[in-house]
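Hi,

Here is the structure I promised to pass on.

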Amino acid sequence: VEASIPEPLREAWLKHSASEFTTKEEFEKELVRHIETTLARSLYNCDEHAAYSGTALAFRDRLIIEWNRTQQRQTLSDQKRVYYLSLEFLMGRALDNAMLNVGQKENASEGLKDLGFRVEDVISQEHDAALGNGGLGRLAACFLDSMATLNYPAWGYGLRYRYGIFKQEIVDGYQVEIPDYWLDNNPWEFPRHEITVDIQFYGNVRKYQDANGKTANSWENGEIVQAVAYDVPIPGYGTKTTNNLRLWSSKASTGEFDFQKFNAGDYESAVADQQRAETISAVLYPNDNLERGKELRLKQQYFWCAASLHDIVRRFKKTNRAWNEFPDQIAIQLNDTHPTLAIVELQRILIDLEGLSWDEGWNIVTKTFGYTNHTVLPEALEKWSVPLLQNLLPRHLQIIYDVNLFFLQQVEKKFPNDRELLSRVSIIEESHPQMVRMAYLAIIGSHKVNGVAELHSDLLKSTLFKDFVNIYGPDRFTNVTNGVTPRRWLHQANPALSALIAKKLGGHDFLTDLTLLDKLEAFVDDKEFRAEWSEIKTQNKLRLAKFIQETTGFKVNPKSLFDVQVKRIHEYKRQQLNIFGIIHRYLTIKAMTPEQKKKVVPRVSIIGGKAAPGYWMAKTIIHLVNKVSSVVNQDPDVGDLLKVIFIEDYNVSKAEIICPASDLSEHISTAGTEGSGTSNMKFVMNGGLIIGTCDGANIEITREIGEQNIFLFGNLAEDVEELRHRHLYGDFKVDPQLAKVFEAVKGGMFGDAKDFQALCSSIEEHGDYYLVSDDFNSYITTHEMVDEAFQKQDEWLAKSITSVARMGFFSTDRVINEYADSIWNVEPLVVKD
Ligand code: RUG
């Protein structure tokens with residue numbers, strides 16, 4: 001490539017090639033230049049927002065220089081690349097992350113100070129990029145950080161939603177959803193108007209004879225929508241690698257504007273067609289662990305898969321390699337079943353457009369894809385109706401039928417005469433209408449399938465995917481336990497703790513090798529170190545207390561035990577268990593004598609999270625939390641002994657304030673329901689202890705940090721089925737202490753009892769599917785143990801330090817290396833200075 005450019009030209013380019021600021025002065029120069037020219041502001045009208053935009057632009061320039069170099073390096077090296085397909089990337093803010101990852105936060109902070117701004121205020125001007133619902137989207141964001149940090153040639157592919165997850169407001173205790181239009185002045189994306197792909201929908205399939213006389217298929221007519229690429233640079237920490245996240249935006253296809261309609265005077269209808277195309281990437285579906293089967297969602301999925309595959313195939317074709325080398329050059333990871341159509345699309349490209357035989361194509365497809373499952377919850381498993389697919393993607397449905405036919409023939413051969421088995425594993429569910437089971441299609445089209453924590457992967461193998469383990473053998477199924485990036489969740493969210501650890505370990509190397517944290521254990525008994533550790537927690541709690549006062553008006557005592565549960569609101573995550581436990585505590589305190597009250601450990605119970613707009617029971621839980629909050633927080637009998645806080649509009653940047661400030665956090669899902677959970681890891685990494693069930697990654701956290709450092713309670717996954725059966729067919733009595741809580745709720749203590757009737761009756765009358773009553777006693781007794789432990793501050797601190805020291809396993813760096821080794825077979829690209 002280099003040799004193709006004549007020497008004098010090359011020299012001229014290189015002489016003027018952009019350079020990166022490395023000092024405070026250079027940063028200031030860039031900042032002022034952007035403020036004065038790009039933003040057309042001046043010394044006299046530069047507010048905090050302009051200071052943010054200028055700073056972001058200065059850092060964006062830096063990132064883009066490295067991005068360009070990284071892309072060149074990766075193209076030249078010709079190594080295998082990873083493509084991570086995810087409908088969600090919950091990125092949060094980018095500026096602080098960029099400053100830290102390129103190692104220029106101090107210069108930026110000093111430079112901003114010289115110009116009259118505080119770096120924290122500038123950073124907080126940024127709107128969160130909230131293109132995700134919860135754990136699944138945030139995991140994708142942590143993966144991008146680790147892939148760049150470890151120098152893997154890797155791209156993310158997603159959708160550029162105009163509206164991210166809604167903004168939550170609480171009005172009279174109820175959740176109200178406000179659209180999140182986040183794209184005004186977003187400095188982090190680069191529109192690539194020259195990179196477009198035409199995506200087809202609807203139409204029909206025509207059979208014809210190809211040049212060799214073989215029957216071939218052509219998908220014709222229908223509607224075309226254009227996908228336009230927007231690139232977001234992803235800087236690694238302490239490395240020159242800056243990877244790419246490519247997000248697709250939908251647009252009416254050029255030439256698609258219907259001039260016939262226009263000429264016939266039907267301008268409005270012509271514009272409406274245009275707008276219809278744009279709705280495809282308009283909005284993120286706000287459901288976590290829940291699929292609704294809407295046509296627009298299916299359109300989003302195909303639009304994004306087709307655009308991404310076209311892009312990947314185009315890049316591959318430039319190398320002029322033989323098709324059978326495709327899997328040596330490309331690994332595609334499916335984040336859940338949302339991108340499963342990519343499997344079908346690649347097969348369609350290979351056989352319909354490139355003329356490969358079915359077997360040649362399918363061999364390439366299965367070697368290319370890996371599929372990650374994130375849940376066993378039935379309501380989250382995707383199924384698409386056959387008539388819907390037939391109409392929207394007629395050729396894809398034919399291919400799915402063929403994949404199914406060949407697969408069932410293979411099963412029949414291995415297990416002759418087992419009709420039951422055939423109907424159980426068929427991709428097509430014989431219901432009315434027939435449905436396509438996307439998880440089965442994803443398994444059949446991939447070479448590896450993984451769960452996200454040990455228990456979850458075991459449950460997949462023993463329940464949901466059991467038949468497939470028999471058919472393919474156990475090797476296709478594996479586990480890769482989730483993690484989080486320590487750069488954002490320790491270093492950025494908790495700079496004081498990161499600095500203290502660095503002081504003890506002699507540097508920040510632990511941020512790229514988290515197992516080095518184990519050296520902290522040597523200091524558990526070091527008095528001065530403990531005092532500093534404890535002081536950092538206090539300061540973080542003060543910061544959260546200030547935030548709570550500013551946003552809710554409630555004053556909380558930072559000396560109280562801060563007990564936090566922040567995550568999506570879902571019955572399986574059991575925020576109802578938490579709020580019933582809080583009511584129990586409230587009733588207990590109210591019944592105490594003044595003498596007894598003196599012994600109570602003061603608590604602040606903090607709950608936050610969004611409910612899917614159509615998930616009525618989850619919204620009822622939010623309502624109850626808010627009602628309990630307003631009653632308890634004003635009750636003079638209780639005072640500081642108990643405060644209940646609902647954090648409105650929980651998001652990534654709020655998590656960065658909350659995680660470092662928790663003493664205890666709650667991960668209390670019904671055993672066997674949570675895939676992994678990742679906030680459990682963030683809280684422990686920040687020196688908080690956790691109360692939790694034996695579920696998801698709690699189990700491995702316990703194994704790593706030791707049983708004495710975690711508060712486990714509740715029934716085990718293996719007992720859940722029998723308990724549920726007993727609720728329905730045996731005699732079921734609500735736990736007596738929970739019954740007292742229900743009495744208070746039904747007596748109107750927290751407002752109109754009717755509002756919460758369904759919450760109580762789901763437990764009392766409808767089988768208590770989530771085992772709230774079964775676990776209630778264990779839950780409140782364990783909370784009493786928490787209180788006792790918190791009073792022995794020395795022991796508590798020792799638990800906190802020891803736990804952090806043992807969290808090395810939960811870095812996404814370890815996770816990404818495992819994927820790279822056991823699923824993708826890719827190597828990092830070493831970067832020389
Ligand atoms: O519910 C799971 C979490 O347990 C898990 O930690 C996270 C990341 O693996 O994914 C969540 N998830 C699962 N989000 N959506 C789904 C199902 O589509």
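Which residue does UniProt list for "modified residue: N6-(pyridoxal phosphate)lysine"? In the unreviewed entry, UniProt lists Lys682; the position is given in the numbering used here, the feature name is shortened, and such annotations may be inferred rather than shown by experiment.

Two things before you read on. This is a predicted model, where local features need pLDDT of at least 70 and side-chain atom pairs count only at pLDDT 80 or more, while totals for chains, interfaces and linings use all residues. Residues are numbered from 1 along each chain as its sequence is written.

Back to the lysine. Lys682 sits in helix H27 (residues 679–685); helices (H or I, at least four residues) and strands (E, at least two) are DSSP runs, numbered from the N terminus. Lys682 is buried, because 30 other C-beta atoms lie within 10 Å. For that label, a residue needs 20 or more other C-beta atoms within 10 Å of its own; 12 or fewer makes it exposed, anything in between is partly exposed, and C-beta atoms are placed from the backbone. Neighbours within four places in sequence aside, Lys682 is in contact with Val484, Trp489 and Cys659, contact being C-beta atoms, placed from the backbone, within 7 Å of each other.

Now the ligand. There are 18 residues around the ligand, and Gly135, Leu136, His374, Gly675 and Ser676 come nearest (near means that the C-beta atom, placed from the backbone, lies within 6 Å of the molecule). The shell splits into 4 nonpolar, 11 polar and 3 charged residues. Here Ala, Val, Leu, Ile, Met, Phe, Trp, Tyr, Cys and Pro count as nonpolar, Asp, Glu, Lys and Arg as charged, and the others, Gly among them, as polar.

What about the inside? The largest nonpolar core has 217 residues, and Phe303 and Leu441 touch the most other members. Helix H7 (residues 135–149) gives this core its largest share, 9 residues. A core here is a set of buried Ala, Val, Leu, Ile, Met, Phe, Trp, Tyr and Cys residues joined through C-beta atoms within 7 Å. Apart from neighbours within four places in sequence, Phe303 has contacts that include Ile199, Val225 and Trp248.

Helix H21 (residues 495–505) is worth a look too. Its buried residues are Leu497, Ser498 and Ile501. Seen down the axis of H21, they fall within an arc of 100°, so they line one face of the helix; the arc is that of the directions from the helix axis to the C-beta atoms. Helix H20 (486–492) and helix H22 (527–552) are among what covers them. Just after H21, Gly506 takes a positive phi of about 75°.

Asp78 is not a glycine, yet has a positive phi of about 65°. Asp78 lies in the loop between helix H3 (48–77) and strand E1 (81–85) and is exposed, with 11 other C-beta atoms within 10 Å. Asp336, also not a glycine, has a positive phi of about 75°; its loop runs between strand E12 (330–335) and helix H12 (341–353). Asp336 counts as buried, with 24 C-beta neighbours inside 10 Å. Finally, a cis peptide bond joins His432 and Pro433, with omega about -5°, and Pro433 is in the loop between strand E15 (428–429) and strand E16 (435–437).

Cheers

Key: Two residues are in contact if their C-beta atoms, placed from the backbone, lie within 7 Å.
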